Amino acid sequence: MSTTSMTKETTPQTTDAVVTARGLTLRFGGLVCLNDVDLTLNRGEILAVIGPNGAGKTSLFNSLTGVYVPQEGRITLSADGGEQNLLGRKPHVVNRLGVARTFQNIRLFGALTALENVKIAAETRQKSGPVGIMLGMPWARRNERASDRRSHELLDFVGMADKLNELAASLSYGDQRRLEIARALATDPQVLLLDEPAAGTNPTEKLELAELIKHINRELGISVLLIEHDMRLVMSVADRVTVLNFGKVIASGTPAEVQHNPAVVEAYLGASDEEAVPGEEDK
Ligand SMILES: Nc1ncnc2c1ncn2[C@@H]1O[C@H](COP(=O)(O)OP(=O)(O)O)[C@@H](O)[C@H]1O
Ligand SMILES: [Mg+2]
């Protein structure tokens, strides 16, 4: 891919991009929620998106996954099937093309078990519809066994093999977050978007989550876009960081570069007390 806007990047583009967003502007009435946002997720990397509350991070994820449609800009996915435009595609289409996500506010089927939650997602990858299942067609049964096996594997992968049959609503917050990740993985993504996966979890769960994100990235080869407030977690897992403030990208670079960027420090000092300056609290 070659575009003139690529030259704006602070980091040289030696690696290839899996998701490229250029000039994204999203407005709600008079409110400019995203303002000319450029973002590049390189294949195989973990890119963190940070910024104060209300900066537009979730809106950016919503724009990348078809929930919101920015009025301006473009979003390209370079995946198996070549280059795909993502702007204006429906969320289920974006997911089928290889982009999965979790939500800031957990969205699980609380009355279903952990296993059932993952199986539902695994089955979206399969061709067999309800009619085939109802008629007990052999291929429908095979698919059912395959999604069952896959769901067991994924729950094992996220460390929940012993909680298969627990109702999602009865799981701890940390387990619900991990279950959401397993469910996203069940759709077989090339790109995974995690919106504050550590929110509401305890320090031990945060450490486990950091390990899990690295495993997903390294063992499954999935490119990860991570929104996270916990700077220790960000600094320990991210290859690069992009910083949003009032809907604009104010910095992009390695965690160390971003941490010492005056504009970033300023943005965080101007934010509420609960949001520490990146990296301050653990140094
Ligand atoms: N559907 C919407 N309608 C109107 N305003 C919205 C909508 N979604 C987000 N916003 C506004 O966009 C801004 C950014 O929100 P958000 O993306 O949730 O920020 P962050 O995730 O960084 O905390 C906020 O001012 C929010 O109120
Ligand atoms: Mg948010």
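The legends below describe close-up views of a predicted model.

**Figure 1. Overview of the predicted chain.** The model is a prediction, and its chain contains 10 helices and 10 strands. Of the 283 residues, 40% count as buried.

**Figure 2. Helix α5 along its length.** Helix α5 covers residues 138–157, which makes 20 residues. From the first C-alpha of α5 to its last, the helix reaches 29 Å, close to the 28 Å expected at 1.5 Å a residue. Just after α5, Gly-159 has a positive phi of about 85°.

Figure 3. Five positions are listed here as the buried residues of α5: Ser-147, Arg-150, Ser-151, Leu-154 and Leu-155. Viewed down the axis of α5, these buried residues fall within an arc of 130°, so they line one face of the helix. An α-helix has 3.6 residues a turn, so residues three or four places apart point the same way. The face of α5 that is turned away from the buried side carries exposed residues, namely Pro-138, Arg-142, Arg-145 and Arg-149. Arginine is therefore found on both sides, with Arg-150 among the buried residues and Arg-149 among the exposed ones, as judged by a cut-off of 20 or more other C-beta atoms within 10 Å for buried and 12 or fewer for exposed.

**Figure 4. Packing of α5 against other helices.** The buried residues of α5 pack against α3 (114–123) and α6 (173–185). Ile-120 belongs to helix α3, and Ser-147 is one of the buried residues of α5. The C-alpha atoms of Ile-120 and Ser-147 are separated by 8.5 Å, although the two residues are 27 residues apart along the chain. Ile-120 has 15 other C-beta atoms within 10 Å and is partly exposed, because that class lies between the limits of 20 or more for buried and 12 or fewer for exposed.

**Figure 5. The shell around ligand 1.** The residues around ligand 1 are Phe-28, Leu-31, Cys-33, Gly-51, Asn-53, Gly-54, Ala-55, Gly-56, Lys-57, Thr-58 and Ser-59. By type, the shell divides into 4 nonpolar, 6 polar and 1 charged. Strand β2 (31–42) and helix α1 (57–64) each supply at least two residues of this shell. Helix α1 gives the most, with 3 residues.

Technical notes. Residues numbered from 1 in each chain as written. Chains lettered and ligands numbered in written order. Predicted model: local features only at pLDDT ≥ 70, side-chain atom pairs only at ≥ 80, totals over all residues. Helix = DSSP H or I, 4+ residues; strand = E, 2+ residues; numbered from the N terminus. Expected span 1.5 Å × (residues − 1). Arc of directions from axis to C-beta. Contact = placed C-beta atoms within 7 Å. Near = placed C-beta within 6 Å. Nonpolar A, V, L, I, M, F, W, Y, C, P; charged D, E, K, R; others polar.
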